[in-house]
Amino acid sequence: MSGFSRRQKKSLTLAARYAAATVVTLIFLLPVYWRKRSVKHAVLRSMKF
Amino acid sequence: MGDRVSRYTDRNFKYLMVAPGILILLLVGIFPLIYSLVVSFQNITMTEVDTSFQGLLNYKQLFKDARLWQALGHTAFITAIALPLELFLGFLLAQLFLDRMPGRQIFVALLVLPTVISPIVAGATWRLMFDVRFGPIGQIVNYFAGESVTMLWTVNPSLVYPAIIICEVWQWTPFMFLLLLAALSNVDQSQLEAAELDGASYRRVLRQIVIPAIKPVIAIAVLIRGLDLFRIFDIIWALTEGGPGSMTETVSLYTYIIGFAQFDTSYTAAVAFLVVALLTVVVTIVLRRMELVK
């Protein structure tokens with residue numbers, strides 16, 4: 001990071017934070033999405049609960 | 001006479017007004033507790049007419065019940081793994097979202113979604129995720145392994161605990177995150193700036209300023225989640241139903257089984273009282289340790 005200016009460092013940090021936030025949010029939302037998708041495709045019907 | 005009555009009413013009017021509330025509180029809160037204590041000394045089984053008192057027999061039986069102590073062990077194991085994980089991941093997430101960034105509120109709102117779902121739905125959701133045929137977890141593992149790997153998450157004894165802990169951590173890390181985010185936002189900025197000017201390292205700032213400042217919130221969060229984890233039921237019921245065998249049977253599951261499958265009502269009440277006693281001891285120790293109650 002030594003070759004970057006202060007402003008560039010700030011932008012890079014923000015970009016990294018956005019990337020991390022997006023990945024974490026997607027990981028947490030995957031099960032919610034999967035349940036919706038499974039119900040939609042009637043996967044539940046073939047499973048025993 | 002009339003004057004005396006009205007003076008008496010005036011003086012005690014406040015008590016008369018709160019009396020119904022207190023009465024309802026006592027009826028709703030204390031009566032079931034006392035009633036279940038009485039039941040625990042009886043011999044009610046739902047299958048027999050005999051409801052005679054049998055003293056401490058149920059409590060004696062508790063100490064010989066290997067399945068109960070196993071269930072307590074399972075509960076303690078899940079709590080010991082899931083609680084620090086939730087705290088650690090919640091803290092990391094809180095650090096990530098601590099500084100201002102556009103769209104932060106949207107991320108936070110989306111992240112909180114798992115917490116607002118009912119635990120039984122969360123368990124059913126993760127059962128779908130772990131499903132061998134349709135679940136994405138198996139597909140992701142297959143992709144990285146380069147071959148078809150059969151992972152029976154809810155059946156294989158070495159995978160059931162990771163499955164339960166993953167589901168539990170997924171659902172409750174956002175709760176920890178929210179509490180810690182609120183606590184971290186309230187840390188005195190002037191102290192942090194002073195430490196930065198003095199050239200203190202990130203680790204030192206964390207250890208000597210941030211952690212002591214948010215310690216009461218951490219204590220409350222750990223206490224709330226610890227108690228919740230000790231009562232864990234829904235997620236396990238949806239994922240494994242306590243199986244394979246009784247490998248993931250927790251105290252709540254065991255209590256439910258003896259109460260509503262074996263109909264041993266009095267013994268169930270005794271187990272419930274043992275849990276209440278254990279939790280009271282643990283909570284008192286934790287509160288004293290954390291110096292929340294002096």
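Polar contacts between chain B and chain A come to four residue pairs, with both partners at pLDDT 80 or more. That cut-off applies because this is a predicted model, and side-chain atom pairs count only at pLDDT 80 or more. Salt bridges between chain B and chain A: zero.

Now, which helices of chain B touch chain A? Four of them, α3 (66–96), α4 (104–116), α5 (119–130) and α7 (157–185), each supply at least two residues of that side of chain B. The most comes from α5(B), with seven residues.

Next, the contact as a whole. Chain B brings 29 residues, and chain A brings 23 residues. About 2400 Å² is buried between the two chains. Carbon and sulfur atoms give 76% of that area.

Let me move to the surface of chain B. There is a nonpolar patch there, with about 1200 Å² of accessible area together. Among its members are F13(B), Y15(B), L16(B), M17(B) and V18(B). The patch also includes I22(B), L26(B), I30(B), L33(B), I34(B) and F53(B).

Where does V38(B) sit? In helix α1 of chain B, residues 2–40. Is V38(B) buried, partly exposed or exposed? Its relative accessible area is 33%, so V38(B) is partly exposed. Patch residues need over 30%, and V38(B) has 33%.

Key. Residues are numbered from 1 along each chain as its sequence is written. Chains are lettered from A and ligands numbered from 1 in the order in which they are written. This is a predicted model: local features need pLDDT of at least 70, side-chain atom pairs count only at pLDDT 80 or more; totals for chains, interfaces and linings use all residues. Side-chain values use heavy atoms; hydrogens and water are left out. Patches are made of residues with over 30% relative accessible area and no salt bridge: like charges are joined within 9 Å, nonpolar side chains (Val, Leu, Ile, Met, Phe, Trp, Tyr) within 5 Å. Accessible areas come from the Shrake-Rupley method with a 1.4 Å probe; for residues, only the protein chains shown count as cover. A salt bridge is a side-chain nitrogen of Lys or Arg within 4 Å of a carboxyl oxygen of Asp or Glu. Helices (H or I, at least four residues) and strands (E, at least two) are DSSP runs, numbered from the N terminus. Buried means under 20% relative accessible area, exposed over 50%, partly exposed in between (1.4 Å probe, protein chains only). Contact means heavy atoms within 4.5 Å. Buried area is the accessible area (1.4 Å probe) that two parts lose on being put together, summed over both. A polar contact is a pair of N or O atoms within 3.5 Å; within protein, one must be able to donate a hydrogen and the other to accept it, and residues adjacent in sequence count only if both atoms are side-chain atoms.
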